[in-house]
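Student: Hi! I'm new to this one, could you walk me through it?
Tutor: Happy to. Let's look at it together.

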Amino acid sequence: MVPLSIIVLLLMPAVRMKQCPYCGKILRQDESECRHCGRELPINMVQCPNCKKFVPEKPYCIECNKGL
Ligand SMILES: [Zn+2]
Ligand SMILES: [Zn+2]
């Protein structure tokens, strides 16, 4: 029997995640404020598929300059 937590982890990549720029916690892409520190999140953050960093949603990654 596969533990539920493993299934959740396998499903995770389908959900777009972002990182709170204030406290660094991982949040869902559609959240407009951090449920950990309560601050508003003005910038859409996406995870770069190349360097795996969380960067503002732009045509390119500000960390590695590759296209997103
Ligand atoms: Zn936060
Ligand atoms: Zn990158």
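Student: Let's start with a cysteine. Is C48 buried or exposed?
Tutor: C48 counts as buried, because its relative accessibility is 0%, and the cut-off for buried is under 20%. Keep in mind that this is a predicted model.

Student: What about C61, buried or exposed?
Tutor: C61 is buried, with a relative accessible area of 0%.

Student: Then how do C51 and C64 come out?
Tutor: C51 counts as partly exposed, at 27% relative accessibility. C64 is also in the partly exposed class, at 23%.

Student: Okay, over to the zinc ion (ligand 1). Which residues coordinate it?
Tutor: C20, C23, C34 and C37 do, each through SG, at 2.2 to 2.3 Å. The angles among the four donor atoms are 104 to 119°, and the site is tetrahedral.

Student: And the spacing of the donor residues there? What is it?
Tutor: Along the sequence, the donor residues of the zinc ion (ligand 1) follow C-x2-C-x10-C-x2-C. One pair among them, C23 and C34, links distant parts of the chain, eleven residues apart. C23 is in the loop between β1 (17-19) and β2 (26-28), while C34 is in the loop between β2 and β3 (45-47).

Student: Which class does each of that pair fall in, buried or partly exposed?
Tutor: C23 is partly exposed, with a relative accessible area of 34%. C34 counts as buried, at 1% relative accessibility.

Student: With those cysteines around, how many disulfides are there?
Tutor: A search of the whole structure finds zero disulfides.

Student: New topic. What is the secondary structure of the protein chain?
Tutor: The protein chain has one helix and four strands. From the N terminus on, the order is α-β-β-β-β.

Student: Where is P56 in that?
Tutor: P56 is in strand β4, residues 54-56. P56 counts as buried, at 16% relative accessibility. The C-alpha atoms of P56 and N44 are separated by 5.6 Å, and these residues are twelve apart along the chain.

Student: How much of the whole chain is buried?
Tutor: The protein chain has 68 residues, and 22% of them count as buried.

Student: What sits over the ring of Y22?
Tutor: The charged end of R39 does, 3.9 Å from the centre of the Y22 ring.

Note on methods:
Residues are numbered from 1 along each chain as its sequence is written. Chains are lettered from A and ligands numbered from 1 in the order in which they are written. This is a predicted model: local features need pLDDT of at least 70, side-chain atom pairs count only at pLDDT 80 or more; totals for chains, interfaces and linings use all residues. Side-chain values use heavy atoms; hydrogens and water are left out. Donors are N, O and S atoms within 2.8 Å of the metal (3.2 Å for Na, K and Ca); water is not among the atoms, so sites may look incomplete. Four donors count as tetrahedral if all angles lie between 85 and 135 degrees; four count as square planar and six as octahedral if opposite donors are over 155 degrees apart and all others between 65 and 115; anything else is irregular. Helices (H or I, at least four residues) and strands (E, at least two) are DSSP runs, numbered from the N terminus. Buried means under 20% relative accessible area, exposed over 50%, partly exposed in between (1.4 Å probe, protein chains only). A disulfide is a pair of cysteine sulfur atoms within 2.5 Å. A charge sits over a ring if NZ of Lys or CZ of Arg is within 6 Å of the ring centre and within 35 degrees of the ring normal.
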